[in-house]
Amino acid sequence: MTIVIDWAAFVNVLVTALAGATLLVTFYALGLRLLVRSGRAPVVTPAEFTDAITVITPKEAKKAAKAAAKAAKKSPLTEAQKKFAFVCALACFALCAAAVIGGILVIVLHH
């Protein structure tokens with residue numbers, strides 16, 4: 001019994017996975033950057049986990065929210081530019097979602 005590896009298929013999967021992961025991370029990072037640029041910095045409220053190493057206090061969360069609001073007020077962008085940045089951020093997140101859904105469909109439908 002011999003094992004035959006289809007190296008062309010292996011390289012095809014490798015390149016596709018690397019390209020997909022790179023594009024997903026790039027669009028997500030760009031979406032976050034545009035979201036902050038639009039004056040809508042995401043602030044995550046503290047969560048209590050029983051096995052957490054570090055949990056931020058409500059005071060620290062309030063301080064982060066205050067800093068985000070202050071940074072949003074300092075933005076040199078006009079309201080139209082902020083709206084455009086927000087729409088572009090949503091488009092980046094939509095591309096991320098489409099890439100994930102497309103990947104799942106490829107796995108499920110072409111198995």
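This short talk goes through the aromatic rings of the structure shown above. The model is predicted, so to speak of local features we need a pLDDT of at least 70, and side-chain atom pairs count only at pLDDT 80 or more, while totals for chains, interfaces and linings use all residues. Residues are numbered from 1 along each chain as its sequence is written, and side-chain values use heavy atoms, with hydrogens and water left out.

A search of the whole structure finds two aromatic pairs, where rings of Phe, Tyr and Trp (its six-membered ring) pair if their centres lie within 6.5 Å, and planes under 30 degrees apart count as stacked, over 60 as edge-to-face and the rest as tilted. In one of them, Trp7 and Phe10 have ring centres 5.6 Å apart and planes at 80°, so this pair is edge-to-face. Both residues lie in helix H1 (residues 7–37), three residues apart, about one turn of the helix; helices here are DSSP runs of H or I with at least four residues, numbered from the N terminus.

Trp7 is exposed, at 52% relative accessible area, and Phe10 is partly exposed, at 47%, given that buried means under 20%, exposed over 50% and partly exposed in between, with a 1.4 Å probe and protein chains only.

Turning to the other pair, the rings of Tyr28 and Phe93 have centres 5.6 Å apart and planes at 55°, so they are tilted. Tyr28 lies in helix H1 and Phe93 in helix H3 (residues 79–109), so this pair ties together parts that are 65 residues apart in sequence. Tyr28 is partly exposed at 45%, and Phe93 is partly exposed at 23%.

Key. Helices (H or I, at least four residues) and strands (E, at least two) are DSSP runs, numbered from the N terminus.
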